[in-house]
Amino acid sequence: MKTNLISRSGYLQLQQELDHLWRVERRETTEKVAWAASLGDRSENADYKYNKQKLRQIDKRIRFLRKRLEQLKIVDYSPQQEGKVFFGATVTVEDDDGQQRTFIIAGPDEIYQRNDVISIDAPMARAALGKQLDDEFTVITPNGPKAWIVTKIDYILTRS
């Protein structure tokens, strides 16, 4: 089950996507469907079929975004978070082999098309929550447990 947390910037991006789909994409696609339908026989009209399918996909995404935006809770930065790993933190961790990873803990709706962001629902994020500098935590992986140490915590991207 997805956590219903999101950063303010992530929430605004979803709102912008919804607005763009509703005001631009849907309007243009509806006009194309109407134009293609006016050409006559719809059974062999590729433009009609393609744009009708595209319109269904747009409508599906619009319904999803409207529902999802109602469910989400915006989490803003708080100075009380400093020094500990919480939602919105940029965290650097290191394993026993000296391998480092840096990631931002964000909501599940914000992780797509980004390599530096992990969901708060991810095992790594869950294990790191509440930790401080030099704290060790363990993540269960398919290859067995793996220990990590928190080497840096920053909220620079979520402060405003």
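**Domain arrangement and the interdomain interface**

In the unreviewed UniProt entry, the feature "domain: Transcription elongation factor GreA/GreB N-terminal" is placed at residues 5-74; UniProt positions follow the numbering used here, feature names are shortened, and annotations may be inferred rather than shown by experiment. The structure is a predicted model, in which local features need pLDDT of at least 70 and side-chain atom pairs count only at pLDDT 80 or more, whereas totals for chains, interfaces and linings use all residues. Residues are numbered from 1 along each chain as its sequence is written, and side-chain values use heavy atoms, with hydrogens and water left out.

The span 5-74 is 80% helix and 6% strand, and its end C-alpha atoms lie 6 Å apart; helices (H or I, at least four residues) and strands (E, at least two) are DSSP runs numbered from the N terminus. The annotation "domain: Transcription elongation factor GreA/GreB C-terminal", also from an unreviewed UniProt entry, covers residues 81-155. Over residues 81-155 the chain is 8% helix and 44% strand, with end C-alpha atoms 8 Å apart.

The domain assignment, automatic or taken from a database, divides the chain into domain 1 (5-74) and domain 2 (79-154). The C-alpha centres of the two domains are separated by 35 Å. Eight residues of domain 1 are in contact with six residues of domain 2, contact meaning heavy atoms within 4.5 Å. About 500 Å² is buried between domain 1 and domain 2, 58% of it on carbon and sulfur atoms; buried area is the accessible area (1.4 Å probe) that two parts lose on being put together, summed over both. Of the area that domain 1 buries against domain 2, Leu5, Ile6 and Arg68 supply 65%, more than any other three residues.

One salt bridge is found across this interface, a salt bridge being a side-chain nitrogen of Lys or Arg within 4 Å of a carboxyl oxygen of Asp or Glu. The side chains of arginine 68 and aspartate 109 meet in a salt bridge at 2.8 Å, N to O. On the side of domain 1 that touches domain 2, strand S1 (5-6), helix H1 (8-37) and helix H2 (46-71) are the elements that give two or more residues.

In the whole structure, nine salt bridges are found. Arginine 61 and glutamate 17 form a salt bridge through their side chains (2.8 Å, N to O). Because arginine 61 lies in helix H2 and glutamate 17 in helix H1, this pair ties together parts that are 44 residues apart in sequence.
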